[in-house]
Every structure is written in C-alpha cells, then in structure tokens.
Amino acid sequence: MSAVSAFSYARRQTRAREHMRVASLDALLLTHPPNLRYLIGFTGTSGAVLLTRSGCTVIVDFRYVTAAHELAASHPDLSGLEVHCAEHSIDDAAASVIRARGLRRVGIESASMPVGRFSKLSAALAGVPEPVGAPTSALVLTERVVERIRAVKEPAEVAIIREAAARLSSVAARVAGFVLAGRSEREIAADIDDALRQAGFERPAFETIVASGPNSALPHARLGLRRVEHGDGVVLDFGGVYDGYCVDLTRTVQLGSSRELSRLLDAVSQAHAAAISAVKPGARPSEIDAAARDRLAGHGLADAFGHGTGHGLGLEVHEEPRIGRLAPGQPDEPVESGMVFTIEPGAYLPSLGGVRIEDDVLVVPGGCEVLTDVPILL
Ligand code: ZN
Ligand code: ZN
C-alpha cells in the first residue's frame, strides 16, 4: 500500500466537521494550500475546498480540473468529491456554490486569508443574485481548525517523517566536512543543499542557514559571503521536504577549539537533553520550553535564549504545536502521542557567537522518540 492510500481523508474530514458542528457552521471554505493537501490530497498552488456537513467540493481553475478528477478516483475516501471548475476567480466560483446551496454560516481560515481577499469574497457573496427569500450567507472567522487535526500524525505520516529524519541525519553526518577555513557561508550552504537533493529530498524545507563566527549570534542570520575562520563556531540549520513532509535539524560545528564556545555548547546540549526528557503525552508546551530555559538560566544564559524551544513539523516546516513560553492568549494545550516537533534551544552571545542544537521528536506513550540521529558534536 502506498503512503497516500494509507492516509485517512475520511477521518480528517470527519474531524473538521466536528468543529463545524461545535461552531454552528454550515460549511468551511478552506484556502490554505497545506490544508487542501491534508483534507483531499490536492497539491495545486491555487484552489479551495468547500467542506459541508455531508459533502466536499474542490474548486479549481481549468489547469487543475483533470488533476482534481484524478484525485477523486485515486482514493476510496475521495469518491464523493465534487469538482467545480471556476470560470473566473476561485473566490467568485466559491461564492456561487455557497449561495446556490443556501449555506448560511461559512467558516474561513482567518490566519491565512489576506484582508483584500476576504473583502473581495464578501463582495462576491453579496453580489450573487439571491433566489427570492434565500437567507444571506455570512463568513465566519475560524482559526487552527485543520491545523489542530494536522498536529497529531497518522501512522502513514509518521512513517514518512521517520524516513525523512533518517535521510536528514545522513546529510547531517556529512556537513562537518563542508566547514573548512576559508570557505564562504554561501559555498557551505550550497554543499548542504546538494547533499539534501542527493539524499532524496524534493527541496530544502527553508533557506539553509550557515552562520559563522559573529554571525552565529544572530539566530536567523542571512546567508553571507563571510569566510569561515579558525576558532569559529558555525551554526548549520537545514531541512528537507520528503514526500511532502518537512524535517529540520541544526548542529553547531566548532572549527578549532575555543574553551568559551565549548562551554556554551555544553550548556545548550544540556538544555536540549532536558527539554527532550520533558516531552511526554500530557506535558504542556510551556513546561517543555521551561525545561530548556531553566537549564540555560542555571548557566547564567537566561537572556541568551531569545526564541522558542521548538515547532511542529509536517506539511509545513513551522506548524502546530508551538513549543515556547506561554504568551497571553496563546494556547498551551498538552502535547499528545503522534505529535512531531523540533527541540532546538540555543544561546547567543554577541561577543562570542551562538550555538543551537535541533532535533526532531515524535511523542509516544510515556515519552518521546528522537527521530533524527546524529551526534551532537560533529
Ligand atoms: Zn532548523
Ligand atoms: Zn526549526
């Protein structure tokens, strides 16, 4: 059985409909591409899915009509999928379908819908001639509906991510060889990107980060022309997309020996281990984050760690759950078995440089499994 045929599109749609019922929605209009891929396997760059209480329609332009029909035939869960070809814009077509079916409360994805698109869609809904006496349709803002379902991976997704993590670890095992005095950050990054492709990744999951010497004190340094020098610490942060799923890994390579840098590496490595030990079903993201943060504070590095401890991985490289300090209004929902996220504490000292160590973990009953497998010190 291929991975795709093992995906449970019916279960995913049922979970989304549970949310629709709770929020008294007649339909959900989904436009965020990763969510379309998740709910029906659609991988086009534009399109929309209208999920109603009993049906599912994909709205595409003519470029994707054949692909959409093929999707419906590709998986038993998708046999009832209706395909609607948009004559003009996807949103105009969505508005027509919504009005034709008399759907009154229609949820939209507020986090990914630009304000301009929202106003056009509202205008299109208002502009479609109403059947006499038909109720008006209203757009209702929703957040994290499909994202929360996506956070817990199905066995078929775990299998893909596990394979991706093994391949990324094989790349990580090679990267120290690319870091040689005199080479530029850009040259090293190009080698890493080549290694990702050789390892079977479709593409890098994000722009590869190579931050050397003083640049390493900037957690998301831009790739530069700086040439690596003896005594540098070099942060290498890279990831790949495999079968649609993202994995992400960071190691800090030391060129030559520096006692201060070694101490920093040791402190971050302890924080990384402490956070991994804190991961288990029921643990709150803020607790996992605190495990890393407290350990760094114990080394006098409380102010040197300015970002979150981790982020979910899946169809997107940054997704639910967010593992960080509790912010006002932010959810701190306990992590569950089947979630996959990074653990990536760091410490950044402008005078010395920075260190970050990142691995990918899968939450399992009683704890977690570290999916990436490469020594901390390369
Ligand atoms: Zn990373
Ligand atoms: Zn990351």
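In this predicted model, the zinc ion (ligand 2) is held by four residues: Asp248 and Glu344 and Glu358 donate through OD, OE and OE respectively, while His311 donates through NE2, at 2.1 to 2.2 Å. The angles subtended by the four donor atoms run from 78 to 156°, so the arrangement around the zinc ion (ligand 2) is irregular; a tetrahedral assignment would require all angles to lie between 85 and 135 degrees.

Along the chain, the donor residues of this zinc ion (ligand 2) follow the spacing D-x62-H-x32-E-x13-E. His311 belongs to strand β11 (residues 310-312), whereas Glu358 sits in the loop between β15 (353-356) and β16 (359-364); the pair therefore ties together parts that are 47 residues apart in sequence. His311 has a relative accessibility of 6% and so counts as buried, and Glu358, with a relative accessible area of 0%, is buried as well.

Asp248 bridges the zinc ion (ligand 2) and the zinc ion (ligand 1), and the two ions lie 3.1 Å apart.

Attention may now turn to the pockets. Several secondary-structure elements contribute at least two lining residues each, namely α2 (9-22), α7 (145-151), α11 (285-298) and β12 (319-323). Classified by residue type, the lining of the largest pocket consists of eleven nonpolar, ten charged and six polar residues.

Terms used:
Residues numbered from 1 in each chain as written. Chains lettered and ligands numbered in written order. Predicted model: local features only at pLDDT ≥ 70, side-chain atom pairs only at ≥ 80, totals over all residues. Heavy atoms only, no water. Donors = N, O, S within 2.8 Å, 3.2 Å for Na, K, Ca; no water. Tetrahedral: all angles 85-135°; square planar, octahedral: opposite > 155°, others 65-115°. Helix = DSSP H or I, 4+ residues; strand = E, 2+ residues; numbered from the N terminus. Buried < 20%, exposed > 50% of the residue type's maximum accessible area, 1.4 Å probe, protein only. Nonpolar A, V, L, I, M, F, W, Y, C, P; charged D, E, K, R; others polar.
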